[in-house]
Amino acid sequence: MPKAGISYGPRIKAPDYDQIVEAATTSVMQTFGVKRPEDFVGKRPEDLLVKASEIVRQADAEMALHIDERDEALAHLWFYDPRLGLARTAGLSTMGYRGAIARVIYGDKKHALPEVQSNEELAKIGKALKVKRVKDPEAQLLRAAPIVRAARTRRELAVRFMQEAVLALSRKPYDWKPEKIAEHAGVERELIYKQRATAAKRHGLA
């Protein structure tokens with residue numbers, strides 16, 4: 001929301017996040033070789049598990065590479081060149097957008113952002129907090145934000161399918177132990193316990 005006493009530059013047009021999410025979803029489904037969720041019937045859960053865990057690893061690597069670029073651009077635009085609608089431009093909720101700025105500045109996404117009454121005060125606080133100045137924040141934001149959103153979409157979908165595969169492998173006729181599932185997926189055993197519990201709860205089995 002605009003704040004009294006602060007002047008804002010022109011809005012930055014948001015990318016088409018609906019299209020980005022749709023493309024990312026299609027990409028995941030193609031990796032699994034299906035077009036619809038019901039097409040997963042008959043797929044081998046051990047194969048789905050491996051593919052899903054690989055999608056998650058790739059998505060995590062992409063987000064790690066680009067999320068700071070996105071959030072540094074957001075922080076610059078918040079402190080040094082205020083704009084309206086930055087949450088929409090970044091493809092985030094208002095809370096997510098403020099959390100992204102707080103994370104890159106304070107290392108804590110729940111940390112409150114400073115409340116100020118002028119552009120000069122904002123810039124002064126930004127300098128005191130050592131908020132990084134970005135050479136072309138608009139371009140950096142528009143480059144990094146869609147990559148992060150697409151990667152997050154692929155990750156969230158793959159995690160859900162991974163959870164389903166873990167649950168299936170934990171039950172008959174497989175009866176795989178968490179250690180075997182973790183080894184097959186290339187992940188820590190603790191993650192398998194969590195995913196199995198989440199999937200079981202979703203199906204009313206917990």
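**Close-up views of a predicted model**

**View 1. The end of helix 8 and the residue beyond.** Helix 8 is followed by Gly-204, a residue whose phi is positive, near 70°, in this model, which is predicted.

View 2. Ile-192, Gln-195, Ala-199 and Ala-200 are the buried residues of helix 8; seen down the helix axis, they fall within an arc of 130°, so they line one face of the helix. These buried residues pack against helix 6 and helix 7 (178-185), whereas Lys-194 and Lys-201, on the other side of helix 8, are exposed.

**View 3. The largest nonpolar core.** This core has 27 residues, and those with the most contacts inside it are Leu-74, Trp-78, Phe-79, Leu-86, Tyr-97, Ile-101 and Leu-141. Helices 1, 2, 3, 4 and 6 each supply at least two of its residues, with the largest share, six residues, coming from helix 2. Apart from it lies another core, of 22 residues, among them Ala-52, Val-56, Val-166 and Ile-192.

**View 4. Ser-118 in its loop.** Ser-118 is found in the loop between helix 4 and helix 5 (119-128), where a polar atom of its side chain lies 3.0 Å from the backbone nitrogen of Glu-121. Leaving aside neighbours within four places in sequence, Ser-118 is in contact with Gly-5 and Ile-6.

Technical notes. Residues are numbered from 1 along each chain as its sequence is written. This is a predicted model: local features need pLDDT of at least 70, side-chain atom pairs count only at pLDDT 80 or more; totals for chains, interfaces and linings use all residues. Side-chain values use heavy atoms; hydrogens and water are left out. A nonpolar core is a set of buried Ala, Val, Leu, Ile, Met, Phe, Trp, Tyr and Cys residues joined through side-chain atoms within 4.5 Å. Buried means under 20% relative accessible area, exposed over 50%, partly exposed in between (1.4 Å probe, protein chains only). Helices (H or I, at least four residues) and strands (E, at least two) are DSSP runs, numbered from the N terminus. A polar contact is a pair of N or O atoms within 3.5 Å; within protein, one must be able to donate a hydrogen and the other to accept it, and residues adjacent in sequence count only if both atoms are side-chain atoms. Contact means heavy atoms within 4.5 Å. The arc is that of the directions from the helix axis to the C-beta atoms.
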